[in-house]
Amino acid sequence: MTATDAIHADASFRTAVLSPTLAVMSFQLGRLLSRQRLLLAGLGVLFPAAVMLAVRRTVAEGLDRDLAVTMIYALVPEAVCMLGLLVTMCPAVADELERGTWIHIAVRPGGRRALLVGTYLAAVIWTSAVAILAACLAVLVARVPRPLPLIGILAVLVVLSTLGRAALFALPAVILPKRALVASVAVALVVEYLAGFIPAVINQATVSLRLRSLLVEWMGWRQKLPVEMQMLIDPQPAWVHIVAVFGLAAVLLVVAVKILDFRQFPPSVEL
Amino acid sequence: MLSLTHVTKVFGSVIGVNDVTVELGAGAHGLLGPNGAGKTTLLGLITGQLRPTMGQVRVFGEHPFANPRVLRRIGFCPAADLLERRATPREWVRYLVQLSGFRRDAAAERADRELDRVGLGEAMDRPLSTLSKGMRQRAKLAGAMAHAPDLLVLDEPFDGLDPVARHDLVGLVRRWAVSADTAEVPRTLIVASHLLHEVEALHAGLAVILGGRLVASGTAGEIRDMVDAMPSEIRIRCDTPRRLAELVCSTDGAEGFRFEGDDLLVVATRQPRALAERIASVAVEERLAIEEVAAGDRSLEGIFGRLVRLHRGVGS
C-alpha cells in the first residue's frame with residue numbers, strides 16, 4: 001500500500017483536519033519561543049503591573065477597588081490582548097510569505113486552512129497565557145481586595161477577548177497580508193473602539209461590547225452605573241455574550257478561511 | 001496523469017504562461033527555460049497554488065487548485081530558499097508530512113527515513129540556519145518526497161549548489177525517477193531548470209518554455225536535432241558589408257542575408273564552417289577589411305531564441 005493509499009484509507013477528520021491544524025499550532029508556538037518573542041511577552045506581563053504600581057504610589061489613601069478593576073480591565077483584556085494578537089495573529093500569512101514557507105504549506109492538502117486555524121489557536125494560547133499572567137501580577141501589585149475571584153473574571157475575559165479578536169485580525173491577515181499590521185490597527189480602532197461604543201445595533205457585532213457587559217455583570221456594577229454609561233453595555237445574560245463571542249469568532253474564521261482558500265500569490269521569483 | 005489545455009495565466013499586465021497545451025504521462029520530464037520564462041508559474045498551476053486565467057489544468061483528472069485530493073498526491077520542492085531558520089530539518093520535514101495528513105508518529109518516522117535518504121541523517125537536529133545551502137536544499141527535497149507522492153515537482157532543485165552537492169542530488173532525484181518507472185502506481189517527476197545538462201542527466205523528456213510559451217517538446221536528442229536543423233547566424237563586421245554579401249551570396253549554404261547598421265552583415269547558414277572559410281578567402285582575394293567574425297549564439301539562451309523563431313515560423 002502506497003502512502004497515498006494509506007492516507008485515503010484513513011482520511012478521517014483527525015488526519016485531514018485535526019492533525020495538520022495541531023501541527024501548525026505547535027510549530028507556531030515553537031516559533032513564539034524565540035528570544036525576541038519571549039522578551040515581548042515579558043514586557044506584556046510587566047507593563048500593566050508597572051502602570052498599577054505607579055498609580056498606587058500616587059494615591060496615598062489606597063486605590064479604589066472598582067477603579068483598579070476598571071484600569072486592569074483596560075490594560076489587560078483590552079491593551080495587552082490587542083497588542084499580543086497584533087504580534088502573533090496579524091503576520092499569519094505575511095510571515096510565511098517572507099520566510100518562503102507559504103509555497104510549502106499551500107501545496108499541502110488543507111495546508112491553507114490548517115495554517116490559519118493553527119496560527120489562530122497558537123495566537124490565542126500565547127496571548128491568553130501572557131495576558132493572564134499580566135492580570136495576576138497587576139491584581140497583586142494593585143493590592144485589590146479579594147483578588148482570586150477577580151483573577152478568575154479577568155482570565156475568562158482575556159480568553160474571550162483573544163478568541164474574538166484573533167478571529168477579527170484573521171481577516172486583514174488574509175486580505176492584506178503585507179499590510180496586515182496597519183490594517184489590523186485600523187480594524188481595531190474602527191470596529192472595536194468606534195463601532196463598539198456606538199449605542200446601536202452595530203455594536204452588537206463587537207467583542208468590546210460583550211466584554212464590557214460581562215465585566216459589569218460579573219462585578220455587580222449594573223445598578224451603580226450612571227444612566228449614560230448604561231447605554232454602553234448590553235443587559236443580556238452572561239451566556240448570551242459568551243455565545244455571541246464564540247459565534248462571532250466562528251463566523252470571522254470561516255470567512256477568513258474561505259478567503260485564504262482562494263488567495264493566489266504570484267511567484268515573485270519569475271515576475 | 002497531467003494535462004494543460006490552452007492554459008494562460010496573467011498577473012495584472014504580465015503574462016506568466018501563454019496558451020500552453022501539454023500532456024505529461026508517467027516518467028521523468030524536464031521543463032527547460034531561462035529565468036523569467038514562466039516555469040515557476042507553470043509549476044504553480046500544476047501544483048494547485050495558482051488558478052489559470054484561461055484554459056484548463058487537470059492533474060490526476062481533477063482541478064488541482066487548493067484541491068486536497070490532488071494535493072495529497074503531489075510533492076513540491078520550490079526554487080526559493082527556505083528561510084525558516086529556527087526549526088531543524090527533522091522538525092520541518094515532520095511538520096510538512098503532518099500537513100500532508102499523516103499522524104505525528106507516522107510523520108516523524110517518515111521524516112527521519114527521508115532525511116537519512118537525502119544524506120541529512122547526521123544534521124537533522126541542527127537548526128536550518130546553521131546548514132549550508134546544499135543541506136537546506138536536501139531538507140527541501142526530503143520535505144517534498146517524505147509523504148511518497150505520485151507526482152514530484154522540483155523547481156530549480158540544483159540551483160546554487162556546489163558540484164559535489166549537485167552530483168549527489170542529481171543522483172538522488174534520478175533514483176526517484178527510476179523507482180517511479182517501476183512503482184506499482186505510475187509516478188511522474190517534473191524538474192524545472194535553466195540548465196540543459198541537469199535535465200539531461202535525469203534522462204527526462206524535455207519541454208522548453210520561453211516567454212510563457214511552450215516552444216518545443218520531445219527528447220533531448222529530438223530538440224537538439226530540431227535546433228541543428230535551423231540555420232545558425234554568422235555576424236561579420238566590416239567596412240563594406242554589401243560588397244561582401246555580393247561575393248559570398250553564391251556560396252553553398254548561405255541562406256539569407258541581413259544588414260545591421262552600416263558595418264554589420266548577418267548571414268544565415270546551415271554550414272557555418274564552410275561559409276566562414278569562404279568569407280576568409282574572399283576577404284583576402286578582394287582585400288576587404290574585416291574587423292570581426294562571430295558565430296551565432298550557441299548558449300542555451302541562444303538555442304531558446306532560435307526555438308522561438310522556429311516556433312513562430314521564422315527561419316524554418
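Modeller: Two strands pair if DSSP finds at least two bridges between them. Helices (H or I, at least four residues) and strands (E, at least two) are DSSP runs numbered from the N terminus. The structure is a predicted model, in which local features need pLDDT of at least 70 and side-chain atom pairs count only at pLDDT 80 or more, while totals for chains, interfaces and linings use all residues. Residues are numbered from 1 along each chain as its sequence is written, and chains are lettered from A and ligands numbered from 1 in the order in which they are written.

Biologist: Let us begin with pairing. Which residue in E6(B) stands opposite Gly75(B)?

Modeller: Leu152(B) stands opposite Gly75(B). Their strands, E5(B) and E6(B), run parallel and are joined by four bridges. From E6(B), residues 151–155, one passes to strand E7(B), residues 188–193, through five bridges, again in the parallel sense. There the bridge partner of Val153(B) is Ile190(B). Ile190(B) is also the bridge partner of His29(B), for strand E3(B), residues 27–32, pairs with E7(B) in the parallel sense over six bridges.

Biologist: How many of the six residues of E7(B) are buried?

Modeller: A residue is buried if 20 or more other C-beta atoms lie within 10 Å of its own, exposed if 12 or fewer, and partly exposed in between, the C-beta atoms being placed from the backbone. Six of the six residues of E7(B) are buried, so this strand is largely enclosed by the rest of the structure.

Biologist: What is found on the two sides of E7(B)?

Modeller: In a regular strand the side chains alternate between the two faces of the sheet. In E7(B), Thr188(B), Ile190(B) and Ala192(B) lie on one side and Leu189(B), Val191(B) and Ser193(B) on the other, and all are buried. E5(B) is likewise covered on both faces: Ile74(B) and Phe76(B) on one side and Gly75(B) and Cys77(B) on the other are all buried.

Biologist: Chain B also has an open sheet. In what order do its four strands stand?

Modeller: The order is E11-E12-E10-E13, and the pairing is antiparallel. E11(B), residues 254–260, and E13(B), residues 290–295, are the edge strands, each pairing on one side only. From one strand to the next the twist averages 20°, where axes are lines fitted to C-alpha atoms, for helices over the stretch in contact, and angles run from 0 to 180 degrees between N-to-C directions. Five bridges connect E13(B) with E10(B), residues 232–238, and Ile236(B) stands opposite Val293(B).

Biologist: Which strands does helix H9(B) touch as it packs on the sheet?

Modeller: Two residues are in contact if their C-beta atoms, placed from the backbone, lie within 7 Å. H9(B), residues 241–248, touches E10, E11 and E12 of chain B, and its direction makes about 25° with that of E12(B). Helix H10(B), residues 272–286, packs on the sheet too; it touches E10, E11, E12 and E13, at about 15° to the direction of E10(B).

Biologist: Turning to chain A, how many helices and strands are there?

Modeller: Chain A has twelve helices and zero strands. Its radius of gyration, taken over C-alpha atoms, is 21 Å, close to the 18 Å that the globule rule gives for 271 residues, so chain A is as compact as a globular protein of that length. That rule is 2.2 Å times the number of residues to the power 0.38. Buried residues make up 46% of chain A.

Biologist: Which residues have the most contacts inside the largest nonpolar core?

Modeller: A nonpolar core is a set of buried Ala, Val, Leu, Ile, Met, Phe, Trp, Tyr and Cys residues joined through C-beta atoms within 7 Å. The largest has 147 residues, and those with the most contacts inside it are Ile72(A), Val76(A), Ala134(A), Ala138(A) and Ala170(A). Helix H7(A), residues 111–142, gives the most to this core, with 20 residues. Apart from it lies another core of nine residues, including Leu244(B) and Ile279(B).

Biologist: Finally, how many residues does the contact take from chain B and from chain A?

Modeller: The contact takes 42 residues from chain B and 33 from chain A. On the side of chain B that touches chain A, the largest share, four residues, comes from H3(B).
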